[in-house]
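Student: Please take a close look at one part of this model for me. I would like the side-chain contacts and the surface around them, in one connected answer.

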Amino acid sequence: MYVGQIVWNRQRFIKDPDTGKRVSRLNPREEWVVQEVPELRIVPQDLWNAVKTRQRMVKHSSEAGGENRIWERRRARYLLSGLARCGLCGGGFSMISATHLGCSTARNKGGCSRTAIKRTELEARVLGALKSKLMDPALFREFCDEFTREMNRLRMQGLASLEAARSEVKRIDRELDTLLDLILKAEPPRGINAKMG
C-alpha cells in the first residue's frame, strides 16, 4: 500500500506440529500476485528508496557486528537493571547518575533515607555474596527447597482461586436457571419486575 501496490499470495499459513499453532511462511516471489494501484500510494518513491537503503545498511552493519544492533538497545544496560530493591522501603533502585544507583522512592516521594551506592560496588557485593553463600551445597539445597515450597504455595493458591471461581460460576448458573424458570412458568414476582423495569 505504501507505494501503491496490493500484494496477494505473499504468504501461506501452516500448522506447527509441535505447538499446534498456525505459523506463516513466505511464498516464493514469483507466486505473488501484485496489483498496481497508484491512487493509494502514500509514500513518494524517493523516500521509499531511501528507507530501503537505510534498512539494508542497518542489516548489513548488524550482521558484520557493527553499532546498528537496534534490537539490543532495549536490553538492560547493567547486570542488576530492574532487579535491585531498597533494603529499607522495598522500592526499586534506579540510576541517579552515570555511576550511582539510588532508591527511587526516596528520590520521587521522599520518606526513605537510603543513600546512593556505586553501581560497580553493588554488583561486586551481589556477585560476591552469590559466589560465597549460594555455592555452599547446604545453602544451595536450602534455597532450592524454599524455592520449591514457594512455587508449590503459589500453585496451590492459584488452584484454590480457580476452584472458587468455578463454584461461583456454577452458583450464578443455578440462579439464572431459577430466574428463567420463574419467567417462563408464570408472571415473575414483583421484585423481579421492579428490577427489570
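Tutor: Arginine 149 and glutamate 146 pair through their side chains in a salt bridge, at 2.8 Å from N to O. A salt bridge here is a side-chain nitrogen of Lys or Arg within 4 Å of a carboxyl oxygen of Asp or Glu. The model is predicted: local features need pLDDT of at least 70, side-chain atom pairs count only at pLDDT 80 or more, and totals for chains, interfaces and linings use all residues. Residues are numbered from 1 along each chain as its sequence is written, and side-chain values use heavy atoms, with hydrogens and water left out.

Both partners sit in helix H4 (residues 137-185), three residues apart, so about one helical turn separates arginine 149 from glutamate 146. Helices are DSSP runs (H or I, at least four residues), numbered from the N terminus. Glutamate 146 is partly exposed, at 43% relative accessibility. The classes are buried (under 20% relative accessible area), exposed (over 50%) and partly exposed (in between), with a 1.4 Å probe and protein chains only.

Stay on helix H4. Glutamate 175 and arginine 171 also form a salt bridge, at 2.5 Å from N to O. These two are four residues apart in the helix, so about one helical turn lies between glutamate 175 and arginine 171. Shared partners extend this pair: salt bridges join Glu168, Arg171 and Glu175 into one network. Glutamate 175 is partly exposed at 42%. Arginine 171 is partly exposed too, at 31%.

Now the nonpolar side. Phenylalanine 140 lies in helix H4. Its relative accessible area is 42%, so Phenylalanine 140 is partly exposed. Together with Phe143, Phe147, Met151 and Leu154, Phe140 makes a nonpolar surface patch of about 470 Å². Patch residues have over 30% relative accessible area and no salt bridge; nonpolar side chains (Val, Leu, Ile, Met, Phe, Trp, Tyr) are joined within 5 Å, like charges within 9 Å. Accessible areas come from the Shrake-Rupley method with a 1.4 Å probe; for residues, only the protein chains shown count as cover.

Helix H3 (residues 119-134) holds another pair, arginine 125 and glutamate 121, four residues apart, about one turn of the helix. Their side chains meet in a salt bridge at 2.7 Å, N to O. Arginine 125 is exposed, at 53%. Glutamate 121 is partly exposed, at 35%. By the salt-bridge rule, the count comes to seven.
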